[in-house]
Amino acid sequence: MVLLGTIVNGICIAIGSLLGKLFHRIPKQVKATVMGGIGLAVALLGIQMGMKSEQFLIVIFSLVLGGVLGEIWDWDKKLNQLGKWVEKKVGGNQQGNIAKGFVSATLLFVIGAMAIVGALDSGLRGDHRVLYTKSILDGFASIILTTTLGIGVIFSAIPVMIYEGGIALLATQIERWVPKEIVDSFIAESTATGGILIIAIGLNMLGITNIRVANLLPSIIVTAFAVSIIYFF
């Protein structure tokens, strides 16, 4: 089943969020320390991913052009508006926690190599091990995020499943249309680009920066075009 890994990922996020809601009485000091630890781990993961690039100029170009497009399209604002709409529908009296939890968790769970590589493995080879591993990590992270940011984290399962499921379904057909060299190059460069975005998420979680990471998301799309252009020309 092509979408099995994607479904498991969504379920783990939902279960983790519900458990986090039950454990909401965790002391603030414990939450702050744990969130700090997660922020550091996320930043380290981003650094490791950022080192995977084989053509770092592609990464730089993708971040620059992707950032410009992101600011023009203002994905950060649109994502926050979506979170606020969800908030109004299911609990507008929670003072923004639903929107904040939805946006933060969506960015954390969607961006990164594991989502892309795992979904590609599911579609190309029917191998769900990467997404199973990601599911476990996301499940634990959603517990902590929910205790800190609120039940809005649970709604991040929806865009995660759409994103990973879409990639998995496209991957079932990708080898018929896209040369293996392009796929391998895209994985390497998107891993590095996504890694830099994950570093930004980690720094935001630590309160060091306030980078609008959502407005950098188009850089992943730019990476795909850049890799294809270099391959053909």
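This is a predicted model: local features need pLDDT of at least 70, side-chain atom pairs count only at pLDDT 80 or more; totals for chains, interfaces and linings use all residues.

I looked up the largest pocket and found about 960 Å³ of space in it. Of its 35 lining residues, Ile116, Tyr163, Ile167, Ile220 and Ile221 are the closest to the centre. The search ran on a 1 Å grid over the protein atoms alone, a pocket being an open set of points with protein on both sides within 12 Å along at least five of seven lines, and lining residues having an atom within 4 Å of a point. The volume is the space filled by probe spheres set on the points, which are joined across faces, edges and corners.

I then checked which helices (DSSP runs of H or I, at least four residues, numbered from the N terminus) form the lining. At least two residues each come from α4 (75-90), α5 (97-110), α6 (113-125), α8 (157-177), α9 (180-205) and α10 (218-232). Helix α8 gives the most, with eleven residues.

Residues are numbered from 1 along each chain as its sequence is written, and side-chain values use heavy atoms, with hydrogens and water left out.

I counted a salt bridge where a side-chain nitrogen of Lys or Arg is within 4 Å of a carboxyl oxygen of Asp or Glu. The count is six. Glu71 pairs with Arg212, with the closest N and O atoms 3.0 Å apart. Glu71 is in helix α3 and Arg212 in the loop between α9 and α10, so this pair ties together parts 141 residues apart in sequence.

For exposure I used relative accessible area with a 1.4 Å probe and protein chains only: buried is under 20%, exposed over 50%, partly exposed in between. Glu71 is partly exposed at 39%, and Arg212 is partly exposed at 45%.

Asp138 and Lys134 form another salt bridge, at 2.6 Å between the closest N and O atoms. Both lie in helix α7, four residues apart, about one turn of the helix, and both are buried. Lys134, Asp138 and Glu164 are linked in a network of salt bridges.

I compared its span with the expected value, 1.5 Å times one less than the number of residues. The 21 residues of α7 (residues 129-149) should span 30 Å, and the end C-alpha atoms are 29 Å apart, which agrees. Gly150 follows α7 and has a positive phi, near 100°.

Notes:
On a 1 Å grid over the protein atoms alone, a cavity is a set of points where a 1.4 Å probe fits but cannot get out, and a pocket is an open set with protein on both sides within 12 Å along at least five of seven lines; lining residues have an atom within 4 Å of a point.
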